[in-house]
Amino acid sequence: MLAHAIAQQITVTGKVTSADGPIPGVSIRVKGSTVVAQTNADGNYSIKALKTDVITFTYIGYATVERTVGNNTSVNVVLQANVNSLNEVVVTALGQQVSRKALGTAQQQVKGQDLADTQRENFVNALQGRIAGVEVTSSSGVPGASSSITIRGVSSISGSNQPLFVVDGLPIDNKTLNTSAFYSDNSSTTAFSNKGVDFTNRAADINPEDIESLVVLKGPEAAALYGIDAANGAIVITTKRGKSGKGSINYSNSFRIEKTSVKPEIQGVYGLGTGGVTSSGTLQYFGPAYAPGTVLYDNIDGFFQTALTQKHNLSFDGGGQDMSYRISTSYTAQNGVVPNSNYDRFTLNGSTNGKLNDWMKVDLSMTYTYALNNQPFKGAGGPLIGLLLWPQEDDARNYLTAAGTRRRFTTATDLTSEIENPYFNVNKNKINSIQNRITSNFGFTITPVKWLNLKSNIGFDVYSNKNLLLSHPESSRGFNKQGIMDVANDNTRNVNVQNLLNLTKQKITSDLSIDATLGNAIQDLRSNIDAQYGEGFLDPNFISINNTTTTLRNAKSSISQRRLFSLFGRATLNYKDYLYITATGRNDWTSTIPIGANSFFYPSVSGSFVFTEVPAFKEALSTVFTSGKLRAAFANVGKDARPYSYVPSLESKATVGGGFGYGFTGPNLALRPEFASSYEVGTELAFFKDRLGLDFTVYRKETSDQIVNDIRGSYATGYVLFNLNGAKTRSEGIEVTLRGTPIKNKDFSWNALVNFESARARVLSLPNELPESYVSDTNVYGTIRNGTTPGYSTRSLTGTFYLRNDRGDILINPASGLPVRSSVVIQGPGKGYDRQPDFSIGITNTFTYKNFALSFLLDIRKGGDVLNATQSYLTQRGLSTMTLDRLTPRVVSGVIQDGKENSANPTINNIAVTPFYQNTYYTSLSEELFIEKDINWIRLKDVTLQYRLPQTVFSKQNFFKSASVFVTGTDLFLITNYSGLDPVVNGNTAAVGGSGSSGIDYGNFPVPIGLNFGVKIGL
């Protein structure tokens, strides 16, 4: 029978097109079989089938078409853009493709080409404004700066709030190196504690040109099958694959010019000194006014450079009916506006997939990435603070003596008390990182019968990350140590195995069907870090650990390992293609929770009701709706702890006698997993033949038994820090996506997309009824930190703020006439200081006219507080323009702290202060005065103008198939009420948990404006 069937097969060929021309990558399948094919770059295909077979043509964003073979050996198909968007095929959890109408959870997709067209080196930064509920914060505007991403806000007080990254079905590492990897973090005198330095987040290793599509699974409901790592949502990336048929070659390039559009202002009236008296031994500018004719240098303006970046992308793809391949390579050389900052990246990607026989298919992909990054220091030890504080009577560019040593502007013998010359800083101090990474993914699908298939994948994510922190012997940080060299080599090896047994759609009754998945996953994550530390440089300019004094060298080796085994399942019931119920369950066994509590199960359930498909309503509703769906979901998702959280680990000790001992963190054998219960309800509506669409979601997520890291305990225990369960947080919000096509005709179209989000997150309780929890790394400036307190936002700020009476009046010291500060850390007045915005909006518009296309994205934010620590620092140093009125006496508004402050008649302050003589007016100012409330902005994130040469240009030759030119602008303008350089800031790196130091601006470089131009050529 099999031989007879094969003999009856014929080869069917044809072409698939749309209104815009040929469509490459269309999935073609013989219905009810495993026989598949794909269109090539010209839209052509070839497939074997029986005359009685039905061939289906499927492509994301277009209506599926079916054709019966019959006697036809040539079948050409024209796909129509999907009038009913609910019929679209979309990628969801575990990389499965399903109809949108079956989804009971919120997710949103972005085309890979849209991300690539932004010309951003780190594609994560391109997501801001494109997806409702997603917030991206870059740590600064220098090349290689880390970026943190959150979905639906901050819910974890001290742990990671970032989503899981999944590429082609398997998780990948998006780690940002923590400075605890360096030996210097063992000592408080040399520790960075994730301040003043930065390292790239590893998702930046992905070449945007290799991304086919990106789907954001927003809540635990959508990401339930990915387990504990997806408790904060998941970003699912599908990479490009080759297309069968005649091979194609594609080349594109981009050249960018960048420059800073803003610079800080400082006063140029008063010179060095205190109390109006000149003093060259101080770095405070409270001295007398500069003498007439004094030459002042604008050290800030000449520091920043015009930066050039170039990119080149080349790809080859092709294949036959049973196999396809794609090879791509990319090279990026980015220079920053800060001298000696750069980011270079080279990627090489290869993928192939094929059908070995009627019951087995294979898929293999591998990517190699090399990245080199040089960044400047930031914050207190960064060049921006040095630029601002450097004496204006001195030209900072002359930073070396004739002998090649550092030129000083004071006679102090101790350089630690002298501000770092910014030019010396960027030329002699270094933050260097070199990355070599290989990711591979091998998968196969076995289909023993047409209604059942087994899909298995194994992936390796292996990289070597070499990092160097160098403080020159003549630098402020390195002077007392005669130079400091810190090296940390992170060798990471992650293995992921996933097996899925898929039951395809089967009829239970004539109206009811089911499809299901059973699976298991195994993760083995391991990181080995070898660190070396040296002091006492023999040659001040030779960079080598061998150049340090032998007796001042130290080293440490650390291992972090986590294993996770999971079993999970999903079943979807489909009633008449308009009512869907999906249930999932997953059980995880993790190595980071004590045995006995390390196995935990969590379920989810979601439903989708396509009310416009109900026969009784369909005709009546069709006059109003093109399509309409209601959805609801509930999930309970567990989450484990970081490695070595419940048993203290041994470490080498430098104390007398040496040997091994426990570190700061104590044991907690009662540690258990935390859980997040989440629900969402929403609707998806389409009108006017799908030219207007609305997606509306309301959600709430509540964590219980949340694990809070590094809580300080009693020293009597023999430890300092503990990891404890017991916190509870609640997040809630709404998301709206509105899409429309106001104009569409033969020559012109206008598409618009608006994303809106408004969210709130509160701390409900802390372990052991603690009054506050904070991440110590966020003590970036003064006493401010990301302290959280029950009843306040998860993104609040705490500090030693001013004391107030019961009515909120500031208390005044009767001896000085100045405000009284709290001796302990407290919340701000009223509802405290909250960095969470009231709402955010992303507006994308795309216009096409014949062969021209123009698109732009506006990023809008309303509300949220930002600490302008740079301005606070300048004020305390007498450099802020706010201090120019220092000769004017003033009375601080408040009441005297005389015991009557809470009475019916408190004593109103009337003590006059003249800051010119009483500099403590400025030097004792609380940081809270520089927390700027309700910061708003409108930023033009991206704008691209592209011209595609008409096909008539290529009709008379066979070499070129397509060509286009483009111009892209990035961050071209920013309208904001923030007084600093850029409100999108992070005082730490993306490695810091909880809310981190987002919204804390201290010595940060702003995002520069950029102008790109380039070409795209297809052969």
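**Touring a predicted model**

Colleague: Which residues lie nearest the centre of the second largest cavity?

Modeller: This is a predicted model, and 23 residues line its second largest cavity. A cavity is a set of points, on a 1 Å grid over the protein atoms alone, where a 1.4 Å probe fits but cannot get out, and lining residues have an atom within 4 Å of a point. Nearest the centre are V167, I172, I206, T367 and T439.

Colleague: Which elements give two or more residues to the lining of the second largest cavity?

Modeller: Helices (H or I, at least four residues) and strands (E, at least two) are DSSP runs, numbered from the N terminus. Two or more lining residues come from each of β15, β24 (360–375), β25 (430–449) and β26 (452–471).

Colleague: What do I need to know about numbering and cut-offs?

Modeller: Residues are numbered from 1 along each chain as its sequence is written, and side-chain values use heavy atoms, with hydrogens and water left out. Because the model is predicted, local features need pLDDT of at least 70 and side-chain atom pairs count only at pLDDT 80 or more, while totals for chains, interfaces and linings use all residues.

Colleague: How many strands does the protein have?

Modeller: The protein has 1019 residues, and its C-alpha trace spans about 100 × 65 × 65 Å along the principal axes. Its secondary structure includes seven helices. The strand count is 54.

Colleague: Which strands stand at the edges of the open sheet of five strands?

Modeller: Let's walk across that sheet: the order is β11-β16-β17-β14-β15, with mixed pairing. Two strands pair if DSSP finds at least two bridges between them. Two of the five have a single partner strand each, so one side of each is left without a neighbour in the sheet. Those edge strands are β11 (107–111) and β15 (170–172).

Colleague: Which residue in β16 stands opposite V110?

Modeller: Strand β16 covers residues 211–217 and pairs with β11 in the antiparallel sense. Five bridges make up this pairing. Opposite V110 stands L214.

Colleague: Which residue in the turn between β3 and β4 has a positive phi?

Modeller: Strand β3 (residues 27–30) runs antiparallel to strand β4 (residues 36–38), and three bridges join them. One of the bridge pairs is I28 with A37. The two strands form a hairpin with five residues between them, and a positive phi of about 80 degrees in the turn belongs to G32.

Colleague: And which residue in β6 stands opposite S27?

Modeller: Besides pairing with β4, β3 pairs with strand β6 (residues 54–58), again in the antiparallel sense. Four bridges join β3 and β6. S27 faces its β6 counterpart, T58.

Colleague: Which residues form the covered face of β3?

Modeller: In a regular strand the side chains alternate between the two faces of the sheet. In β3, the uncovered face has S27 and R29. The covered face has I28 and V30.

Colleague: Which residue is the bridge partner of S608 in β32?

Modeller: Start with strand β30 (residues 579–590), which runs antiparallel to strand β31 (residues 599–609) and is joined to it by 11 bridges. One of the pairs there is T584 with S604. Next, six bridges join β31 to strand β32 (residues 627–639), also antiparallel. Within β32, the partner of S608 is R631.

How values were computed: 1 Å grid on protein atoms, 1.4 Å probe; cavity = no way out; pocket = protein on both sides within 12 Å on 5 of 7 lines; lining within 4 Å. Buried < 20%, exposed > 50% of the residue type's maximum accessible area, 1.4 Å probe, protein only.
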